[in-house]
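Here is a briefing on a two-chain model. Please look over the sequence and the structure before reading on.

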Amino acid sequence: MSERAAALGAAPFAGARVKQINHRDLLLGAIFALIGAGFVIASRSLDLGTAQRMGPGLFPLLLASVLMLLGIAIAAQSFFTVEQPVGQVPWRGLVLILAAPVLFGITVRGLGLVGAVALAVATSTFASRRAGLMLGGLLTVGLTIFCVLVFSYGLGLPIPLRGPWLWF
Amino acid sequence: MELLGNLALGFSTALLPVNLFYCFVGVLLGTLIGVLPGIGPTATIAMLLPITFAFSPATALIMLAGIYYGAQYGGSTTAILINLPGESSSAVTAIDGYQMARQGRAGPALATAAIASFFAGTVSTVILALFAPPLSRMALKFGAAEYFSLMVLGLVCSVALAHGSILKALAMIVLGLLLGLVGTDIYTGTPRFTMDLPELADGLSFVAVAVGVFGLAEILRNLENERDRAVAVKRVTGLMPTMADLRAAAAPILRGTMVGAILGILPGGGAILASFASYTVEKRLSRTPERFGKGAIEGVAAPEAANNAGAQTSFIPMLTLGIPANPVMALMIGALIIQGITPGPKVAIDQPALFWGVITSMWVGNLMLVLLNLPLVGIWVWMLSIPYYVLFPAIIAFSAIGVYSVNSNSFDLYTVAGFGFLGYVLVKLGSEPAPLLLGFVLGPLLEEHLRRAMIISHGNWLVFVQRPLSAALLFIAVLVLAVTLLPAVSRKREQVFVEED
C-alpha cells in the first residue's frame, strides 16, 4: 500500500508508464556474474577429467557458469522491475565493525588475549553513534574482564593472556 | 517396545548431571538471545560452536539444540511485550500478541505462547522418536546417486521456500556451493581457488563464514537505524489464561503443531516459515478473521506452537540423513564433524546414546523453558532495557574469541570480516543469507557423491534416472521447481511472507 502511494506521489504527472531500472538488482546481478566469471577463469587451469573420473575442475566450472548465467538473468530482470530503495548505509559502523575482528586477528599473538579483546571491543563500541568516550571505556574494561573470566578461567581456552609484544 | 528401550537410553543420557547442566545453559542462553532483538540463534550457535569442542558429542549437541528451541520461547516475550520480533520466527506473534498486551492481557498472551510451545515441543519430540529410526534405516540403503539426488531435492526445496526472488536464492546457493569447494580436492590433492594461500588449503572455515554472514552482517543491518526500545508493559500480572482462552487456543495449538512439524522437516523450512504459514492457516480457517491483528489469541497460539515444532522437527533430516534443512542444522553438522562424527544414517546406530540423548533432552529442555519463561518473565523484561550499543561489542568479542579458538589461526578472523562485508552487501541488495550457508555445507558433499556415482556407473550420466529412488527424488525436485515458478503460486509465496506488514 504505502509503496504504491509513494510511487504515485513521486510521479504525479506521469501519464504514461515511466521506464524504471531496479539498480539494486542490477548491481546484485553484476556481482554474481563477476564472481561467477572469476571462478570460471580460475577453474580453467584445473583438470576437467572424464565423465567416469571427473577431475577437480569439472564441477566448479559447471557451477561457476551457472552462477554467471544467474547473475546475468538477475541483471536483465532489473530492467523490467520497479526501483527499490537501498536505504542508508552505516558507514562508520561498516568500517569499525569489520576492522574489529581483523585487529583481533593481527594482535592476538603479539598482545595476547587481554590486549586483543580490549582492542576489538574498543574499536567496535564506536561503531554506534550513541557511545561516548566514557561509556566506551567502561564497556572495554568490563567486557575484557568478563571474556577473560568466561573463556580463559571458565572454559579453559588455551590462548595466552599476554603476548611477546608486551614488555612489562 | 524398542522405542521404550531407546527412550530409556535417551533419558539416561539426557539426565546425566553434566548434560542437564548444559541443557540448562543452552535453553537459558537461547531464551536470552531470543528475548534480545538483533542476535539470533544462528549467530549464537556459530559463536559457541568452537567451545563445544571440549565437551562430549552428546553434551555439545544438547546445548546447541537448547539454544535453538530456547530462542523460540524467548522470541515470543519480546514480540508480545514490545512489538518487535526478538527472533524472526516470532514476527507474526507480535501482530496479535502486542495487541493483547495493550489490552492488558500480556499475562495470558505470554502463558498461551509458553503452553503452545511446550505442547508443540512435546509432540515433536515424539514425532522425532517415531520417525527418525525408520528414516535412518532407509537412508542406509542409499547409494551415491541417491544421496546426490536427495541433496538436489533439498536445495531445490530450500529455494522454493526461501523468502523473495527465486533467481536470487538460486544464485546464493550456487555461490555457497562454489565457496564450499575452495581448498584441496579430496580425490587428486589439487589445490582449488586457494590463491596460493596456505591458509586456504583446508578450505574456508565454516564457523568464520557463518559468523561473518549471520553475526557481523546482522549487526550492520541493526546499525542502520538505531532506536530505543519502549517496553509497553513494565509489570506483567495475572499470568493464568481463562478457561475461555484455553478453549479458543486449543485447536490452533494442535494445527500449529502439525503445520510446524511438517514444514520443519522440509529443507529451507524450520521455525520461521512454520510460524508464518500457521498464522495464515488460522486466519483462513477462522470464522472471524477480522479479529486477527486486534488481539486474537489464536494468532499467538498457532505460530508459537508452529515455530517450536518446526525448530525441533528440522533435526530429523539432520540426524537421519546428515543433510541440513536450515543454517542452524548446518551448524549442528559442523559440531558433529568437529567432534569427529560423520553425520548420516550411521549416527543412530553407532552413537545411540548421542542420538536418543539429544532427542529426549529436547523434552527435558522444554520443561525447563516453561519454568524459565513464565515465573521469571520479569527478568527477561528487565533484560530488554539493555541497549544495543552495549550488546554488539560483546557479540564481536565472543565471535572473535570463538572463531580464533577453532584453529588458533588469525586468517579465520580476516575471513569473518570478508564474509561480514560480502554478506552485508548481498543482504542489502535483497538476497537471503540462509541459502548461501546451506550451499556452503552441501558443496563438498554434493561433488563427492556426484563423482562417486559417476565412477561406479563407469561414466554413465543416466545413472541418476535409472536408479528408481534417485529418479523419484529428482522428479520431485523438478516438480517442486516447476510448481514454484507457476505464476499463481509465486504470487501466493509473496503473500505468505508479506503477512507481517
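This is a predicted model: local features need pLDDT of at least 70, side-chain atom pairs count only at pLDDT 80 or more; totals for chains, interfaces and linings use all residues.

Residues are numbered from 1 along each chain as its sequence is written, and chains are lettered from A and ligands numbered from 1 in the order in which they are written. The contact between the chains takes 60 residues from chain A and 53 residues from chain B. Two residues are in contact if their C-beta atoms, placed from the backbone, lie within 7 Å.

**Chain B side of the contact**

- The elements that give two or more residues to this side are α8 (166–181), α9 (206–224), α18 (388–407), α19 (411–428) and α20 (434–456) of chain B. Helices (H or I, at least four residues) and strands (E, at least two) are DSSP runs, numbered from the N terminus.
- α18(B) gives the largest share of the side of chain B that touches chain A, with 12 residues.
- The residues on the side of chain B that touches chain A divide into 35 nonpolar, 10 polar and eight charged. Here Ala, Val, Leu, Ile, Met, Phe, Trp, Tyr, Cys and Pro count as nonpolar, Asp, Glu, Lys and Arg as charged, and the others, Gly among them, as polar.

**Chain A**

- Chain A has five helices and zero strands. From the N terminus on, its elements run α-α-α-α-α.
- Of its 168 residues, 35% count as buried. A residue is buried if 20 or more other C-beta atoms lie within 10 Å of its own, exposed if 12 or fewer, and partly exposed in between, with C-beta atoms placed from the backbone.
- Among the contacts in chain A with a separation of 6 or more, 64% are between residues 24 or more positions apart.
- A:A75 is found in helix α3 (residues 58–77) of chain A. With 19 C-beta neighbours inside 10 Å, A:A75 counts as partly exposed.
- A:A75 and A:L26 are 49 residues apart in sequence, yet 4.3 Å apart in space, C-alpha to C-alpha. Leaving aside neighbours within four places in sequence, A:A75 is in contact with A:L26, A:G29, A:A30 and A:A33.

**α18(B) and α19(B)**

- The axes of α18(B) and α19(B) come within 8 Å and cross at roughly 135°. Axes are lines fitted to C-alpha atoms, for helices over the stretch in contact, and angles run from 0 to 180 degrees between N-to-C directions.
- The two helices, α18(B) and α19(B), are therefore oblique to each other. Angles under 35 degrees count as roughly parallel, over 145 as roughly antiparallel, 65 to 115 as roughly perpendicular and the rest as oblique.
- α18(B) passes α19(B) in a right-handed crossing. A crossing is right-handed if the near helix is turned clockwise from the far one by less than a right angle, and left-handed if anticlockwise.
- On α18(B), the contact is made by B:S399, B:A400, B:V403, B:Y404, B:V406 and B:N407; on α19(B), by B:D412, B:L413 and B:V416. The residues of this contact divide into six nonpolar, two polar and one charged.
- α18(B) is mostly covered, with 15 of its 20 residues buried.
- Just after α18(B), B:S408 takes a positive phi of about 50°.

**α2(B) and α16(B)**

- The axes of helix α2 (residues 17–35) and helix α16 (residues 352–373) of chain B come within 9 Å and cross at roughly 55°. That makes α2(B) oblique to α16(B).
- α2(B) passes α16(B) in a right-handed crossing.
- Residues of α2(B) in the contact include B:F24 and B:V27, and those of α16(B) include B:V364 and B:M368. The residues of the contact divide into eight nonpolar, seven polar and no charged.
- α16(B) is mostly covered, with 17 of its 22 residues buried.

**Loop between β2 and α9 of chain B**

- B:M195 lies in the loop between β2 (191–192) and α9 of chain B. B:M195 has a positive phi of about 50° although it is not a glycine. With 9 C-beta neighbours inside 10 Å, B:M195 counts as exposed.
- B:D196 lies in the loop between β2 and α9 of chain B. B:D196 has a positive phi of about 60° although it is not a glycine. B:D196 is exposed, with 7 other C-beta atoms within 10 Å.
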